[in-house]
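This report concerns the fold of the chains and the way in which they meet.

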There are 2 protein chains.
Amino acid sequence: MPTPYELYYWPNIPGRGEFVRLVLEEAATPYRDVGRLPAEEGGGTAAVVAFWAGKHEGHPVFAPPVLKQGDLLLSQTAAIGHFLGSRHDLAPRDEAGQAQALALQLTIADLVVEAHDTHHPVSAWLYYEDQQVEARRRAPHFVGERMPRFLQYFERVLRHNGGDVLAGKSLSHADLGLFQALEGLAYAFPRGFAAASEETPGVLALRERVRERPRIAAYLASERRVPFNQEGIFRRYPELDAD
Amino acid sequence: MPTPYELYYWPNIPGRGEFVRLVLEEAATPYRDVGRLPAEEGGGTAAVVAFWAGKHEGHPVFAPPVLKQGDLLLSQTAAIGHFLGSRHDLAPRDEAGQAQALALQLTIADLVVEAHDTHHPVSAWLYYEDQQVEARRRAPHFVGERMPRFLQYFERVLRHNGGDVLAGKSLSHADLGLFQALEGLAYAFPRGFAAASEETPGVLALRERVRERPRIAAYLASERRVPFNQEGIFRRYPELDAD
């Protein structure tokens, strides 16, 4: 039996860790979500902080999420998705197809950064309340221009690839990543997302197909799923949404 | 003979295209830098715009840079680096090592985004002059906190890996990416970079080793190299640099 994976990520937000969890859940591979374990079992925020502060053994990582398996320490959400996807049949089998799925996951990561920066345009180290003026300048461009551009892009990719999945012939980590990003956008920008996604029925249908996959549905209904909240990447500030 | 690669990127800035060029040059593989060819040969900005506007044949891409080889169209700088690196002996050979190099390249990409956003904190679609107030709020945090954190991280990675290269036993696309990012930081923030890099001698030594590699040295001395300028990711605005 292979060593189970360990995920290190902040316990109180879905954040980027959630992109990794979805891949682990769909892969049906055992993993310990260390940040969400009690401190008595070596879990909690303290276990995660070490990977933020550079105070851990082994290959240095820049920031959580971190995937650990034995001696392997891997950071960067998209790299983890690519690695797990290629290992667990959640990526195309050929080199070029794997690179395409990775590029799609990276485009999703770009979308996630831009969504985050609507509420933190000046610095992730300042409170939202201290950059609200700048946020109100940045958000309309994201909601009105960028989010639609991203959604329309994924719609084109789906259509080009036959309509069912973003890359290859079956579900990949990129589809799971898009699902999570769509959930986040719908949470954070209910009005803007509803308007933008009207023109991307294929993207909306993919979101529902992912949601209904047995393992994903079971996960979403479980306590393992971390709900969106006002601490994470996707936050619902009505003043930043479309009118 | 394999079909030569084509790179599609804006001709007037180094930008993210330069990260791809360095890998192609070190790989000593033939490529056409289409954006920099004359319009009569199908080159120039018009050839690149198609990949920005979604008006091209084949697999949809979100934005340049784009690598094309026959039917293959691949976007996202880090995915291109990973793909070319794995093919051309500029990445570790094992799956885990390749994922590590990719994670490093992605951390470099994060650094690049943060450097860019010092001068475009509100929107990449507004002029710098229209977001100068916000830029002056964002830049000090990057110069004083984030840039040093990134440099110290790469210093730790180098030390952990034996001092010569970031990943594996020989030069990878991640080392080339770090070289370009360092060149950009030194251009954009001469004072801040000098101060921050005083504490990262290993990183500075790697930069020089990359610069002196025969193929890279020949490239840097050629007209193929696109110099930094005030249109790209890395811009020299003295008011955003350290005092």
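The description below refers to a predicted model.

**Overall form of chain A**

Chain A contains nine helices and four strands. Read from the N terminus, its elements follow the order β-α-β-α-β-β-α-α-α-α-α-α-α. With a radius of gyration of 18 Å, close to the 18 Å that the globule rule gives for 243 residues, chain A is as compact as a globular protein of that length. Along the principal axes, its C-alpha atoms occupy a box of roughly 50 × 45 × 30 Å.

**Strands and sheets**

The four strands of chain A build an open sheet of mixed pairing, in the order S2-S1-S3-S4. At the edges stand strand S2 (31–33) and strand S4 (72–75) of chain A; each has a single partner strand, so one side of each is left without a neighbour in the sheet. On average, and with direction ignored, neighbouring strands of this sheet are turned by 20 degrees against each other. Within the sheet, Tyr8(A) has Val66(A) in S3(A) as its bridge partner.

| Strand pair | Sense | Bridges |
|---|---|---|
| S1 (residues 5–8) and S3 (residues 66–69) of chain A | antiparallel | three |
| S1 (residues 5–8) and S3 (residues 66–69) of chain B | antiparallel | three |
| S3 and S4 (residues 72–75) of chain B | antiparallel | four |

In chain B, Leu7(B) lies opposite Leu67(B) of S3(B), and Lys68(B) has Leu73(B) in S4(B) as its bridge partner. The hairpin of S3(B) and S4(B) has two residues between the strands, and Gly70(B) adopts a positive phi near 60 degrees there.

**Interface between the chains**

The interface brings 34 residues of chain A into contact with 34 residues of chain B. On the chain A side, the elements that supply two or more residues are S4, H3, helix H4 (95–119) and helix H5 (132–160). H4(A) gives the most to this side, namely nine residues. Sorted by class, the side of chain A that touches chain B comprises 18 nonpolar, eleven polar and five charged residues.

One helix pair spans the two chains. The axes of helix H3 (residues 77–87) of chain A and helix H4 (residues 95–119) of chain B come within 9 Å and cross at roughly 160 degrees. Because this angle is over 145 degrees, H3(A) is roughly antiparallel to H4(B). The crossing of H3(A) and H4(B) is right-handed. From H3(A), the residues Ala78(A), Ala79(A), His82(A), Phe83(A) and Ser86(A) meet Glu95(B), Ala99(B), Leu102(B), Ala103(B) and Leu106(B) of H4(B). The contact of H3(A) with H4(B) is made up of seven nonpolar residues, two polar and one charged.

**Helix packing within chain B**

H4(B) also packs against helix H6 (residues 173–188) of chain B, at an angle of about 15 degrees and with the axes 9 Å apart. The two helices, H4(B) and H6(B), are therefore roughly parallel to each other, and their crossing is left-handed. H4(B) contributes Ala101(B), Leu104(B), Gln105(B), Ile108(B), Leu111(B), Val112(B) and Ala115(B) to this contact, while the residues from H6(B) include His173(B), Gly177(B), Leu178(B) and Gly184(B). By class, the contact of H4(B) with H6(B) has eleven nonpolar and four polar residues, with no charged residues.

Note on methods
Residues numbered from 1 in each chain as written. Chains lettered and ligands numbered in written order. Predicted model: local features only at pLDDT ≥ 70, side-chain atom pairs only at ≥ 80, totals over all residues. Pairing = 2+ DSSP bridges. Axes fitted to C-alpha atoms, helices over the stretch in contact; angles between N-to-C directions. Parallel < 35°, antiparallel > 145°, perpendicular 65-115°, else oblique. Left-handed = near helix turned anticlockwise from the far one by under 90°. Contact = placed C-beta atoms within 7 Å. Nonpolar A, V, L, I, M, F, W, Y, C, P; charged D, E, K, R; others polar. Rg over C-alpha atoms; globule rule 2.2 N^0.38 Å.
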